[in-house]
Amino acid sequence: MNRLGTLAGSAMVLALALAGCGKTPPFPTPTTPTAPASSASVSPSAPPTSAKPSPTPSASALTLAGDGIADLPFGTAQAEVVKVITARVGKPTTSMQGQSCELDASSPWAETVVYDDLWVQFSAKTTKKSSPRTLTAWGFQLNKALPKPWAMADGVPLNLTFNQLKAKYPAAKYIKLGLPDGTKALELPNKLMFLGVGKPEVVRAGELTLCE
């Protein structure tokens, strides 16, 4: 079977984590994230200044948002996205690729790049491995706190139940998935989506289709 997919809780959440595929890769044991390079220290002998320095790129957060990742929108070329993320958090833990749905011979080629508990999906417009791929989705497994330098868009908390999320964000909407194990999908107004059986197990954004 095509092992293209992603990490996270239940089998059904796994099936939904990647757009279209419905199959999951083996998820490696989380490792300690590579620390971002520290910014250069200021010499004690440097003359004082009242001007507040601008934040350096290494000090800024990489935002997980409903419209993209690390300030790069969905549709950005894979090479650019991987370059930005890898420069901050280190090399990917693993990656996997193949047609997004092996049950559909016309499904596009896709690749998933995994950084510990975070996966990032890139999809082509054709079935060919050589076709250019762009950012189409991302997801984070909610089994521990979000590590730096990652940050959730709009400060959305990751430790709430579905009921608590719905109360905090009244405009959030449940998405009917039609899956037999009762997995819920709650989409917030900012397009972040929480999925899980009983409780949120994954937060994700981007393409979400089922391989049928």
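In strand 11, leucine 195 is the bridge partner of alanine 185, and this pairing belongs to a set of 4 bridges through which strand 10 and strand 11 (residues 193-196) run side by side in the antiparallel sense. Here strands (E, at least two residues) and helices (H or I, at least four) are DSSP runs numbered from the N terminus, and two strands are said to pair if DSSP finds at least two bridges between them. Strand 10 and strand 11 form a hairpin with 5 residues between them, and in its turn lysine 191 has a positive phi of about 80°. Strand 10 (residues 184-187) is also joined by 2 bridges to strand 9 (residues 173-174), again in an antiparallel arrangement; within this pairing, lysine 173 has glutamate 187 of strand 10 as its bridge partner.

The model described here is predicted, and for that reason local features need a pLDDT of at least 70 and side-chain atom pairs count only at pLDDT 80 or more, whereas totals for chains, interfaces and linings use all residues. Residues are numbered from 1 along each chain as its sequence is written, and side-chain values use heavy atoms, with hydrogens and water left out.

The secondary structure of the protein comes to 3 helices and 12 strands. Of its 212 residues, 44% count as buried, where buried means under 20% relative accessible area, exposed means over 50%, and partly exposed lies in between (1.4 Å probe, protein chains only). Among the contacts with a separation of 6 or more, 53% are between residues 24 or more positions apart, a contact being defined by heavy atoms within 4.5 Å.

Another group of 4 strands forms an open sheet in the order 3-2-1-8, with mixed pairing. Strand 3 and strand 8 stand at the edges of this sheet, and because each has a single partner strand, one side of each is left without a neighbour in the sheet. Strand 1 and strand 8 pair in the parallel sense over 3 bridges, and leucine 64 stands opposite methionine 152 in strand 8. In a regular strand the side chains alternate between the two faces of the sheet.

The loop between strand 2 (68-69) and strand 3 (72-73) holds alanine 70, and aspartate 71 is found in the loop between strand 2 and strand 3 as well. Alanine 70 has a phi near 55°, a positive value in a residue other than glycine, and aspartate 71, which is not a glycine either, has a positive phi of about 65°. As to accessibility, alanine 70 counts as buried because its relative accessibility is 9%, while aspartate 71 counts as exposed at 69%. A further backbone feature is the cis peptide bond from lysine 148 to proline 149, with omega near 10°; proline 149 lies in the loop between strand 7 (134-141) and strand 8 (150-152).

The largest nonpolar core contains 32 residues, of which Ile69, Val120, Trp138 and Trp150 touch the most other members. Such a core is a set of buried Ala, Val, Leu, Ile, Met, Phe, Trp, Tyr and Cys residues joined through side-chain atoms within 4.5 Å. Among the elements that each supply at least two residues of this core are strand 1 (62-65), helix 2 (78-89), strand 5 (109-115) and helix 3 (162-168).

Serine 123 is placed in strand 6 (residues 118-123) and is buried because its relative accessible area is 10%. Its side chain makes a polar contact of 3.1 Å with the side chain of threonine 136; a polar contact is a pair of N or O atoms within 3.5 Å, in which, within protein, one atom must be able to donate a hydrogen and the other to accept it, and residues adjacent in sequence count only if both atoms are side-chain atoms. Not counting residues up to four places away in sequence, serine 123 touches several residues, including Trp109, Pro132 and Glu207.

Rings of Phe, Tyr and Trp (its six-membered ring) pair if their centres lie within 6.5 Å, with planes under 30 degrees apart counted as stacked, over 60 as edge-to-face and the rest as tilted. The count by this rule comes to 1 aromatic pair. The rings of phenylalanine 162 and tyrosine 174 have centres 6.3 Å apart and planes at 50°, so this pair is tilted. It links distant parts of the chain, with phenylalanine 162 in helix 3 and tyrosine 174 in strand 9, 12 residues apart. Phenylalanine 162 is buried at 2% relative accessibility, whereas tyrosine 174 is partly exposed, with a relative accessible area of 38%.
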